[in-house]
Amino acid sequence: TDLEPEHVEYLYTALLAKGLNVGTVHHVRTTLNKALNDAVRRRRIPRNPVALAHTPRYDAPEIDPLTVAEARTLMAAADDEPNGVAFMLAISLGLRRGEVLGLSWADVDLELGRLRVRQQLERRRYRHGCEDPTRCDERPSKCPKRRDGGLVLAEPKTRQSKRTLPMPRPMVDALRRHRQAQRKARIYAGSEWQESGLVFTTVIGCPIDPGAHSVHWVKFLEGAGVRPARLHDARHTAATLLLVQGVDQRVVMDMLGWTSPTMTARSQHVVPELVEEANRRMSELLWGST
């Protein structure tokens, strides 16, 4: 009840002074605002001071999805890249990083050309496993009895994220080749191989760390001669390429596992191909030619 808007503003200032970016501060604001709104509804406090506090201005970074030509270049290069098929799935089907890395062979039907998204791989922070964490001299990640951390297979966060997707025939063929390469890697690793059942693994069968996968993506783009882009931009690219082809928005939502049309609008972008098509149609309408 003593919390004032000035306290909230001081929090923002302190977080920025620690080196956090404005986007992270806005995430903090969202969480704090939700908590205090709950407190108001439950009549624990009379008002929410977050609503009265000034929030640092935040301009979301512009997203520049890959063009059709760039996407084709990466699809061709991915075939010869270790675990490059993972990048192909991100570009062609818009799978999230965790969904790709959590994909198991049990959820891939190469005969029917379908895959099922039902889990994702994520890295979680460790927690103390000792009886009295205050007496432990180590951080949770170094605790001798640490628990609940590391690479974990978890269910997707929303019901819509669980979905079954058909795959283009070239994607199926690429997965067949990838499976053969993985079988050879298993033979080469011998007793060092750790069976996980996952489609994408390290050279000894372990799950791939999501952070390492993102670093691999950056190096992959550089090697293919394509401009820098985030791995998540591959998902935006998939959404935009579906827009270029005129795919219905409802279908796009289902394919990418989104819960609202707002997500679709935020993730689809106007690319040169769309502008060229609009210009062609206007020319045909006004001058009767293309």
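User: Where does Asp-107 lie?

Analyst: Asp-107 lies in the loop between α5 and β1 (108-109); helices (H or I, at least four residues) and strands (E, at least two) are DSSP runs, numbered from the N terminus. This is a predicted model, where local features need pLDDT of at least 70, side-chain atom pairs count only at pLDDT 80 or more, and totals for chains, interfaces and linings use all residues. Residues are numbered from 1 along each chain as its sequence is written, and side-chain values use heavy atoms, without hydrogens and water.

User: Is Asp-107 buried or exposed?

Analyst: Buried, with a relative accessible area of 4% (buried is under 20%, exposed over 50%, partly exposed in between, with a 1.4 Å probe and protein chains only).

User: What does the Asp-107 side chain make a polar contact with?

Analyst: The side chain of Arg-118, at 2.6 Å. A polar contact here is an N or O pair within 3.5 Å; within protein, one atom must be able to donate a hydrogen and the other to accept it, and residues adjacent in sequence count only if both atoms are side-chain atoms.

User: Which residues is Asp-107 in contact with?

Analyst: Arg-114, Leu-115, Arg-116 and Arg-118, leaving aside neighbours within four places in sequence (contact means heavy atoms within 4.5 Å).

User: New topic: how many residues has the largest nonpolar core?

Analyst: 44, with Val-108 and Trp-217 among those with the most contacts inside it. Such a core is a set of buried Ala, Val, Leu, Ile, Met, Phe, Trp, Tyr and Cys residues joined through side-chain atoms within 4.5 Å.

User: Which element gives the most to this core?

Analyst: α4, with eight residues.
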